[in-house]
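Here are some notes to read alongside the model, written for someone opening it for the first time. Please keep the viewer at hand and follow the points in order.

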Amino acid sequence: MFSFDLLLDAVVIGVLLGCFYGAVSLGLSVSFGLLDVPHVAHPAFLVLASYAVYFLNEHYAVDPLVAGLLITPVFFLLGLVAYRLYYETFEKRGSDAAVRGIAFFFGVAFIIEVLIILQFGVDQRSVTADYIGRAWRLGDIRIPYRLLVAFAVATALTVLLTLYLSRTFMGRAIRAVAQDQEALRLMGANPIKIKQWAFGIATAVLGIAGALLIIVAPVDPTLDRAYIGRTFCVVVMAGLGSMGGTLVAAIILGVAETIVLTMFGASWAPAISFAMLLGVLAVRPQGLFGRRS
Amino acid sequence: MSKKVSKPGSISRRRLLATAGAALAATPLGAKLVRAQQTPIRIGMSMPQTGGLAGGGKASLLGIEIWRDDVNAKGGLLGGRKIELVVYDDKSSASETPAIYSKLIDVDKVDLLFAPYATVPTAPIMPMVKQRGLLLMGNFSFQVNSKVGHDMWFNNAPWGPADSWATSFLDIGQRAGGKSMALLAADQEFAQNLAKTAREVAAKRNLPMVFDQAYPPNTVEFSSIIRALKAAKPDIVYIASYPPDSAGILRAVNEIGIGDNVKVFGGGMVGLQFGAVMENMGSLLNGVVNYNTWLPEKSMYFEGTKEFFDKYTKRAVEAKIDPLGYYLAPFGYASGQLIAQAINAVGSLEQKALAKYLRENTHKTIVGPIAFSPDGERKETAVLQAQFRGVVDKNMEQFRSSGKQVILFPENLKSGELIAPFEAARK
């Protein structure tokens, strides 16, 4: 039976959920969308960040969002190391680097998963904060604060990344390396160092995104597998490398998923992301916000 | 020139060694040496060590390992054969178990098989063990034998008849005045089996089903589903969920609310039996009526139960697994007790004879007496329905004391009355 209230509720929750999807996909939009690195370990780094946030929250009572900010520099360094390793062992060795790179990043993902299990065990972990487990009443609609936090953080991250990539020298260099690496080399810049820096930025963003992940729901060491499909879907659907587009595509996905969950039956929800991706690629192969090459 | 001559009445060196060996074997020390040289009884299994079921899998395996160590410390079975476990990680995946069990049977050539923890990894190996005529000691799967009909399957779980789980929960709900029902179940084998029996019981009782939905694995956010469920205004809400989802559902219920008309909420939520999840959820658990298998109430202690938990608690800390271990670990130990009693009674590892013994007798275990019906499930259900009460946040130790989960069913173990409606019980 159709209910306008339920539809409205689904749209509101869908927008917020979409923002959360956007926040966890932004890093991939840089590493895969701009740098062409097949970073399938992206969700594993995300879960690693969640556990780091859990550790700080559990043992030092640090607010999850503050903990996310605190681990950002560490994740930036981790990103620098991960890219250098990937570059030295795969990227510089030839044309099939992308295919072999997938194997490399799958390996990294498994190692991260095992390390988390060894350190924290296999149980679910969650964090505590005032905004978790409570909701904001808006008429008949109740909106969980944790989703509002995801909305605010995702919006802020998107704006910051967009400004960084368009207004700063390094940001423009990252966009340049995405468009024409050779041209950048002719200008006297080292594209590898720029890509390494960009990968560091992409991984640093995961510090905050990991905090959101554990704020929105409890995490376990294998949660990364649930996010591989969703995050790649969002980035490809947005058009590779578009930060604003990533957020909009994620919102579209979130709203579609939630409406299907609420109105048509939850079993159809997993098919939505990939059905939408196929539909978008059929009509606009470059993605919703990508430029035609 | 010397010459070796065997004098009449003298004894050869070889004969002397043989006689000395036999004499040594006859002494207690010698008997131990002979036993040590006997081949162990090898029990093969897969167990989820990684993936979504790993929390339960590791606790269950620790229970079995404690049984192995206890038996081996007493000298083993069949006149001194030690127990050896051959265990592989099935990654909580149904696609892994057929290959693992083929290897256990054909390559490792184990003597006996234990099933992995949970329904999903167990279901695909059922046709194979039936085809090969092998005894399989089940480990907390639900209704995996209902269509296969293997007569050498024995489930260690206390489920009992298929519909008893839903029956006990709906009994509690209807006694509290419930006149309609909502059903939310994970789109996976175990939860769907629970949902199916709940639908059948509801239909028999003419209980209107006002909401019936399955949700897919990896659902991130349950707010919208709970909102839709609330809009249907059910009196009884039956949830069949897996651990990652149970926490998400309860959190959404706490934020969105479920409505004043709901009398009972819960039923089949997997995860709320595990220490870490209960500690994480804390006060959100209050009011939920959910199934369980063992709780620290006086009536649930049998011979060896306390000693088992003393050992478990110590080893669980070292192994970084569920510190409480109520749900699965004692039943893992009980699986071992069942098979040990059968081996001792039959005097061999002949699988058909073991199965006959298990089917025809009642067995003493640390989780109480166990008797099987022809389908390999318990003759009578021993599944508890208990309501969470007075739970506070971030405190694992509180769950070791009685009264935090008040037993509402079965009658002989009951430790309190239901508090309803659900919203009142949450306060």
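1. Let us start with Phe308(B), which counts as buried because its relative accessible area is 2%; buried means under 20% relative accessible area, exposed over 50% and partly exposed in between, with a 1.4 Å probe and protein chains only. This residue sits in helix α12 of chain B, residues 305–319. Helices here are DSSP runs of H or I with at least four residues, strands are runs of E with at least two, and both are numbered from the N terminus.

2. Which residues does Phe308(B) touch, leaving aside its neighbours within four places in sequence? Phe308(B) is in contact with Gly63(B), Ile66(B), Ala329(B), Pro330(B), Tyr333(B) and Ile366(B), where contact means heavy atoms within 4.5 Å. Phe308(B) and Ala59(B) are 249 residues apart in sequence, with 13 Å between their C-alpha atoms.

3. A word on how to read all this. The model is predicted, so to speak of local features requires pLDDT of at least 70, and side-chain atom pairs count only at pLDDT 80 or more, whereas totals for chains, interfaces and linings use all residues. Residues are numbered from 1 along each chain as its sequence is written, chains are lettered from A and ligands numbered from 1 in the order in which they are written, and side-chain values use heavy atoms, with hydrogens and water left out.

4. Now zoom out to chain B as a whole. Its secondary structure comes to 15 helices and 14 strands, and its C-alpha atoms fill a box of roughly 110 × 45 × 35 Å along the principal axes. Of the 427 residues in chain B, 58% are buried. Among contacts in chain B with a separation of 6 or more, 68% join residues 24 or more positions apart.

5. Next, the place where the chains meet: 46 residues of chain A are in contact with 37 residues of chain B. Together the two chains bury about 3,300 Å², with 53% of it on carbon and sulfur atoms; buried area is the accessible area (1.4 Å probe) that two parts lose on being put together, summed over both. Val122(A), Gln124(A) and Arg142(A) supply 17% of the area that chain A buries against chain B, more than any other three residues.

6. How many salt bridges are there between chain A and chain B? The count is four, a salt bridge being a side-chain nitrogen of Lys or Arg within 4 Å of a carboxyl oxygen of Asp or Glu. One salt bridge joins the side chains of Glu255(B) and Arg146(A), at 2.6 Å from N to O.

7. Several elements give two or more residues to the side of chain A that touches chain B, including α4 (97–120), α5 (145–167) and α10 (243–264) of chain A. The largest share, seven residues, comes from α1(A).

8. Finally, look inside chain A at Leu165(A), in helix α5 of chain A. Is Leu165(A) buried or exposed? Leu165(A) counts as buried because its relative accessibility is 2%. Leaving aside neighbours within four places in sequence, its contacts include Leu34(A), Gly171(A) and Met243(A).
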